[in-house]
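The points are grouped by topic below the structure.

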2 protein chains.
Amino acid sequence: MGEFPVSLDSMRVAARALGDAVTRTPVLEDPDVNAMLGGQLLLKCENLQRTGAFKIRGALHRMLGLSAAETSRGVVTYSSGNHALGLARAARLTGSTAVIVMPSDAPAAKQDAVRAMGADIVPFERDTEESADVVADLVHRTGRLEVPPSAHPQVLAGAGTAALELLEDAGAPLDAVLVPCGGGGLTAATAVAMAEASPQTQVFAAEPALFDDTRRSLEAGARLANPKGRRTICDAIMTPIPGAMTFPINRALLAGGVTATDAEVRAAMRFAFTHFKLVTEPGAVVGLAAILAGRVPLSGRTVATILTGGNIDAARFSTLIGPDTDMKGNTK
Amino acid sequence: MGEFPVSLDSMRVAARALGDAVTRTPVLEDPDVNAMLGGQLLLKCENLQRTGAFKIRGALHRMLGLSAAETSRGVVTYSSGNHALGLARAARLTGSTAVIVMPSDAPAAKQDAVRAMGADIVPFERDTEESADVVADLVHRTGRLEVPPSAHPQVLAGAGTAALELLEDAGAPLDAVLVPCGGGGLTAATAVAMAEASPQTQVFAAEPALFDDTRRSLEAGARLANPKGRRTICDAIMTPIPGAMTFPINRALLAGGVTATDAEVRAAMRFAFTHFKLVTEPGAVVGLAAILAGRVPLSGRTVATILTGGNIDAARFSTLIGPDTDMKGNTK
């Protein structure tokens, strides 16, 4: 795996560096659910991670690698919320400060939480601006270092510690792992971890049906963007295009891409609520939704997915786990 | 501890007998919550247990101790839901059948789930009938064995396996443990586990303010009943009086009893939702509610509570974690 910017070894280094600053989240299963589904379903619960999402793993690992001068100048990033929360917390933990470029339609709960962690928010318009331009301008004007959501080897290694724990705690050989996929960092890190330590495990990118840029790009063999103007309830993974650093990894290692509709995502949130007593955000259950919709065979196999986060406010959660006939959740 | 019907040794026996038929639920903490509260808060997450509550531990351990003839004749119990679910599942797992005497005001979701597990329900009226009479009549007429929610040494030993795991997984000496208390079985088992293995740990019974029979009984030194006709949102622990087998243990070993109002319980459910991404039922967070209300000091200490269950339907959960001004949740 020497050709990739992240490796199992770099994830092990990250795991040691992170220590107990991040939570070793549980891998949950329910024998009654397994009996009902006819296969073994494993949930790596990063919704139970500190700051409510896996993103702190990568953000903190990157911050721990900064020089004193870089730490002092502070950091900047683009994020719809979970990476923002992770980076804001990581900045506090390392004595630094963070500025977050955040889409103006990001959930209010996430914006409020980011501010509560002491970070400054610079709003941007998803449909008319490019987040990269706004971030580049901030870097230029402020001297802050950019800590991207995935496009840095240390961010990828940090994210990969979740896959490392899944491998160690699964208790059974994994036939497949489905990873909710935005920019593709956690997906790529998981793919590398499995390729090195469990090569028989198929890794799939799981995406919202209307944001299936990685799936289409995998089929085309080149990075394809999503059309502007689309929306999904999966706010955490409404990314415009596969990452330039992550896509080559995903193209080389993934078994493919699968999708789930917003209605299937809501059903998966209800499933996690009813059968696992877990609060999940929509973008976190795209893999679970794809499994429940039968897009990857489960029968007689062991299939895992990473529940990537649980940052959602009570009102929105209530709407999304509410009756199907209330479609507000699909247009929010 | 030879004077008690349950011991650390009997819990270890139960843990071996149960094996992986029950889940070793995680003990969760969040460093940011700890910083906010000024102490270490540990949550033993039995809401993540198979069947959604700790009760299966005791029910299954008891069922595993039955003779072939007893298993074949089947079992009967009284339960408002969680013990019913545990016993129904345990009966299925051991090739037996279960009949459940259930209050007619038990949550519909629990009644439906009990039926879905193949158990029969016999309704009873909380305010005009005594559950013990209904159960005794069923035992007499059907020859089924009663598996009580707590008043049997094997049920207590099974419940105690949760306390055993908490001790092993806490990672720090426990200053106090708060246990949501209905009949007092889990409380008593936890008290015995701590008294034997961690005698410096204070164990408290945590009860709804209007169902504080154990707290009042501890003060009086004798079992006192709750007045008939009262209600609380904590359906799982609306018990009429401390158990005859459990109260002597609790009287001997508990540091005391604490209470929480329904409004404090709702706040604790919201806290678990927001900070831990956990679905809890009201009766499961009475200990957490008491901690958050400052009834047991947390500052500079390590305090654990057992989240006993998460069996609640989406509509009721949404109401209870909704705005304070919506008081429907308090009268449901």
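In this predicted model, strand β3 of chain B, residues 75–78, runs parallel to strand β4 of chain B, residues 98–103, and four bridges join the two. Within this pairing, B:Thr77 has B:Ile100 in β4(B) as its bridge partner.

**The sheet in chain B**
- The two strands belong to an open sheet of four strands in chain B, whose order is β5-β4-β3-β6 and whose pairing is parallel.
- Because β5 (120–124) and β6 (145–146) of chain B each have a single partner strand, they stand at the edges, and one side of each is left without a neighbour in the sheet.

**Helices on the sheet**
- Helix α5 of chain B, residues 82–93, lies across β3 and β4 of chain B and runs at about 170 degrees to β4(B).
- Helix α7 of chain B, residues 131–142, also packs on the sheet, where it touches β3, β4, β5 and β6 of chain B, and its direction makes about 170 degrees with that of β3(B).

**B:His140**
- B:His140 is found in helix α7 of chain B, and this residue counts as exposed because it has 9 C-beta neighbours inside 10 Å, the limit for exposed being 12 or fewer.
- From C-alpha to C-alpha, B:His140 and B:Ala189 are 29 Å apart in space, while in sequence they are 49 residues apart.

**Contact between chains A and B**
- Chain A has 20 residues in contact with 20 residues of chain B.
- On the side of chain A that touches chain B, the elements giving two or more residues are α2 (31–37), α12 (262–276) and α14 (314–321) of chain A.
- By class, that side of chain A has ten nonpolar, five polar and five charged residues.

Notes
Residues are numbered from 1 along each chain as its sequence is written. Chains are lettered from A and ligands numbered from 1 in the order in which they are written. This is a predicted model: local features need pLDDT of at least 70, side-chain atom pairs count only at pLDDT 80 or more; totals for chains, interfaces and linings use all residues. Two strands pair if DSSP finds at least two bridges between them. Two residues are in contact if their C-beta atoms, placed from the backbone, lie within 7 Å. Axes are lines fitted to C-alpha atoms, for helices over the stretch in contact, and angles run from 0 to 180 degrees between N-to-C directions. A residue is buried if 20 or more other C-beta atoms lie within 10 Å of its own, exposed if 12 or fewer, and partly exposed in between; C-beta atoms are placed from the backbone. Ala, Val, Leu, Ile, Met, Phe, Trp, Tyr, Cys and Pro count as nonpolar, Asp, Glu, Lys and Arg as charged, and the others, Gly among them, as polar.
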